[in-house]
Amino acid sequence: MRRIAFDPLVSSFSNIFQTKDSVDIHLSEFVGKIKSGYWQDTVLAVRAADSKDAKDRLKKKAPYVIIAGAFHERNSKGIRKHSGLLAQDIDGLNELVNDV
């Protein structure tokens with residue numbers, strides 16, 4: 001995988017219930033997995049769910065990455081090294097997303 005000049009470590013977790021023992025990956029690896037469709041089946045299953053409750057249950061089982069940095073534990077005191085990045089969840093904004 002081609003590395004870029006800005007390529008901080010970020011923490012990957014297997015699901016929302018995992019709060020410790022993350023796996024550190026470079027941002028470029030995370031982006032590469034998105035581009036390659038690595039999580040496509042999981043994302044499509046969430047999108048196809050027929051209710052908000054069903055979507056939420058599937059999301060809780062899905063792997064996730066915290067791009068804010070490398071963490072030894074998923075909380076504000078658990079950060080080992082900040083990446084300089086911040087993610088914002090925009091679920092539920094619908095037509096307001098263009099105003100953000």
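Modeller: Start with rings. Rings of Phe, Tyr and Trp pair if their centres lie within 6.5 Å. In this structure, Phe30, Tyr38 and Trp39 form one aromatic cluster. Keep in mind that the model is predicted.

Biologist: How many aromatic pairs does that rule give?

Modeller: The count comes to three aromatic pairs. One of them joins Phe13 and Tyr64.

Biologist: Why is the pair of Phe13 and Tyr64 called stacked?

Modeller: Look at distance and angle. The centres are 5.1 Å apart, and the cut-off is 6.5 Å, so the rings pair. The planes make 10°.

Biologist: How do you know whether Phe13 and Tyr64 are buried or exposed?

Modeller: Buried means under 20% relative accessible area. Phe13 has 1%, so Phe13 counts as buried. Tyr64 has 17%, so Tyr64 counts as buried too.

Biologist: What is the pair of Phe30 and Trp39 called, and on what values?

Modeller: This pair is tilted. The centres are 5.7 Å apart, with 55° between the planes. Stacked needs under 30 degrees and edge-to-face over 60, so 55° falls to tilted. Both Phe30 and Trp39 are buried.

Biologist: What sits over the ring of Tyr38?

Modeller: The charged end of Lys33 does, 4.4 Å from the ring centre. The distance limit is 6 Å, so 4.4 Å meets that part of the rule.

Biologist: Now the strands. What makes β1 and β2 a pair?

Modeller: Pairing needs at least two bridges. β1 and β2 have four, so they pair, in the antiparallel sense. Ser12 stands opposite Val23 in β2. Val10 stands opposite Ile25 in β2.

Biologist: And what makes β1 and β3 a pair?

Modeller: The rule again asks for at least two bridges. β1 and β3 have three, so they also pair, and the sense is antiparallel. In β3, Ile66 is the bridge partner of Ser11.

Biologist: Which order do the strands take in the sheet, and which are the edges?

Modeller: The order is β2-β1-β3 in an open sheet of three strands. The edge strands are β2 (23–26) and β3, since each pairs on one side only. From one strand to the next, the twist averages 40°. Helix α1, residues 27–36, packs on this sheet and touches β1, β2 and β3. The direction of α1 makes about 85° with that of β2.

Biologist: Why is β1 described as largely enclosed?

Modeller: Four of the five residues of β1 are buried, so the rest of the structure largely encloses this strand.

Biologist: Which residues make up the largest nonpolar core?

Modeller: There are seven: Val10, Ile25, Leu27, Phe30, Trp39, Val65 and Ile67. A second, separate core has five residues, including Tyr64, Ile66, Ala68 and Phe71. In soluble globular proteins, nonpolar side chains tend to be buried together.

Biologist: How do you know that Ile67 is buried?

Modeller: Ile67 has a relative accessible area of 18%, and the limit is under 20%, so Ile67 is buried. Ile67 lies in the loop between β3 and β4 (69–71). Beyond four places away in sequence, Ile67 touches residues including Val10, Leu27, Phe30 and Leu85. Ile67 and Ile25 are 42 residues apart in sequence, and their C-alpha atoms are 9.8 Å apart in space.

Biologist: Is Asp21 buried or exposed?

Modeller: Exposed means over 50%, and Asp21 has 65%, so Asp21 is exposed. Asp21 is in the loop between β1 and β2. Its phi is positive, about 60°, although Asp21 is not a glycine.

Biologist: Step back to the protein chain. How many helices and strands are there?

Modeller: There are three helices and five strands. Along the sequence they follow the pattern β-β-α-α-α-β-β-β. Buried residues make up 27% of the 100 residues.

Terms used
Residues numbered from 1 in each chain as written. Predicted model: local features only at pLDDT ≥ 70, side-chain atom pairs only at ≥ 80, totals over all residues. Heavy atoms only, no water. Phe/Tyr/Trp six-rings, centres within 6.5 Å; stacked < 30°, edge-to-face > 60°. Buried < 20%, exposed > 50% of the residue type's maximum accessible area, 1.4 Å probe, protein only. Lys NZ or Arg CZ within 6 Å of the ring centre and 35° of its normal. Helix = DSSP H or I, 4+ residues; strand = E, 2+ residues; numbered from the N terminus. Axes fitted to C-alpha atoms, helices over the stretch in contact; angles between N-to-C directions. Contact = heavy atoms within 4.5 Å. Core = buried A, V, L, I, M, F, W, Y, C linked by side-chain atoms within 4.5 Å.
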